[in-house]
Amino acid sequence: MTTAALEPRAGRRCHNVLNSLHATHYFSPDLGRELGAVGVTDPRAVNFAVRAAAFGPVGAGAVTAAFYNYKYELVARYVPAVWETATPGQVLAARTRAVDATLHRLLGAEALASAEMAEAARLALRAAEACSRGARPLYSAHADLPVPEEPHLAYWHAATLLREHRGDGHLAALMSAGLDGLEAMVTHTATGKGMTPRWVCATRGWSRDEWDAATDRLRGRGLLDASGDLTEEGGALRREIEDETDRLDRAPYEHLGPEGVARLTELGGVFAQAALEAGAFPADLIGKG
């Protein structure tokens, strides 16, 4: 009997819905409330703390390297000082409470207790069994954390593992393509699927002048046109980056198999759409403007 092959972009589609639900906590008022309860009140400090806490009390260099598209000077303003306010363990516990509250608010108790949520958690955890640690710092750090018992938190944990596994590979693809962190953001925004320049500058620490300078560099390489849109060459490069990211991230989804990937994508899509309709993300987050 021949096993069906995984369709080339099936893993990417599955990741997209998993990542969508993972990302809800970054924009949740519950996160600010729970981190504020342990003394971390600045929104930027919250952002760095919750994503980097799995590393332990690391410094700005490690966080900048792993996050890739944040300006070092912004990171250094908050890291490692944030660990003097709250330990990584306290931050991780607060993050879990925030995720729990956020998912209850966005999806409702019935969805969280459903058989579909438990099934999604099992499938996502099974896929994560095939993730690899080498050269994947954010995935590897999160893989050391325990799997929560509650299905909705287990699903979120597995989604985080799969998101960071793909993300670590994506950074390797960006480096291979010769795009620094800001240039990567500019080209992603130019696709119409990335964050707006306002959001990038507000959250990543870059100035508008630095954004414009990166745009000029990309024009000089023939990747952007005079209006800031991707040229044919620029579009081809972005597609190559995503295809290489798919290749580096293929193992978890091959391990799960075509039927499992299709089912996880279906279930994850329902949860992600419900979160979106509940107002999980700012209306002006994505776009070129």
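**Close-up views of a predicted model**

View 1. Searching the whole structure turns up 0 disulfides, the term being kept for two cysteine sulfur atoms within 2.5 Å of each other. C14 counts as buried at 0% relative accessibility, and C201 also counts as buried, at 16%. Here buried stands for under 20% relative accessible area, exposed for over 50% and partly exposed for what lies in between, with a 1.4 Å probe and protein chains only. Some housekeeping for every view: this is a predicted model, with local features needing pLDDT of at least 70 and side-chain atom pairs counted only at pLDDT 80 or more, while totals for chains, interfaces and linings use all residues. Residue numbers run from 1 along each chain as its sequence is written, and side-chain values use heavy atoms, with hydrogens and water left out.

**View 2. Helix 13 and what covers it.** Helix 13 takes in residues 197-204, and its buried residues are P197, W199, V200, C201 and R204. Helices (H or I, at least four residues) and strands (E, at least two) are DSSP runs, numbered from the N terminus. Just past the end of helix 13, G205 has a positive phi of about 90°.

**View 3. K71 beside R204.** K71 sits in the loop between helix 4 (60-67) and helix 5. In sequence, K71 and R204 are 133 residues apart, yet their C-alpha atoms are 6.1 Å apart in space. Leaving out neighbours within four places in sequence, K71 is in contact with R204, G205, W206 and E210, where contact means heavy atoms within 4.5 Å.

**View 4. A66 on helix 4.** A66 belongs to helix 4 and is buried, with a relative accessible area of 7%. Setting aside neighbours within four places in sequence, F55, L138 and L171 are in contact with A66. From A66 to A52 it is 14 residues in sequence and 8.8 Å in space, C-alpha to C-alpha.

**View 5. Two buried polar side chains.** E34 lies in helix 2 (residues 29-37) and is buried, at 14% relative accessible area. What does the side chain of E34 pair up with? The side chain of R97, through a polar contact of 2.9 Å. For a polar contact, two N or O atoms must lie within 3.5 Å; within protein, one must be able to donate a hydrogen and the other to accept it, and residues adjacent in sequence count only if both atoms are side-chain atoms. Not counting residues up to four places away in sequence, E34 touches A94, R97 and A98. S114, found in the loop between helix 8 (109-112) and helix 9 (115-128), counts as buried at 16% relative accessibility. A polar atom of the S114 side chain lies 2.7 Å from the backbone oxygen of A111.

**View 6. The largest nonpolar core.** This core holds 35 residues, and L18, L107, Y155, L162, L264 and F271 have the most contacts inside it. Two or more of its residues come from each of helix 1 (10-23), helix 7 (88-107), helix 9, helix 11 (151-176), helix 16 (250-256) and helix 17 (258-277). Helix 11 gives the largest share, 8 residues. A nonpolar core is a set of buried Ala, Val, Leu, Ile, Met, Phe, Trp, Tyr and Cys residues joined through side-chain atoms within 4.5 Å. L107, apart from residues up to four places away in sequence, touches L21, L112, M117, F271, A274 and A275. A second, separate core of 31 residues includes A52, L74, A86 and L92.

**View 7. The second largest pocket.** This pocket has about 220 Å³ of space. Of its 13 lining residues, T96, L145, P146, P148 and H157 are the closest to the centre. Helix 7 and helix 11 each supply at least two lining residues, with helix 11 giving the most, 5 residues. On a 1 Å grid over the protein atoms alone, a pocket is an open set of points with protein on both sides within 12 Å along at least five of seven lines, a cavity is a set where a 1.4 Å probe fits but cannot get out, and lining residues have an atom within 4 Å of a point. Points are joined across faces, edges and corners, and a volume is the space filled by probe spheres set on them.
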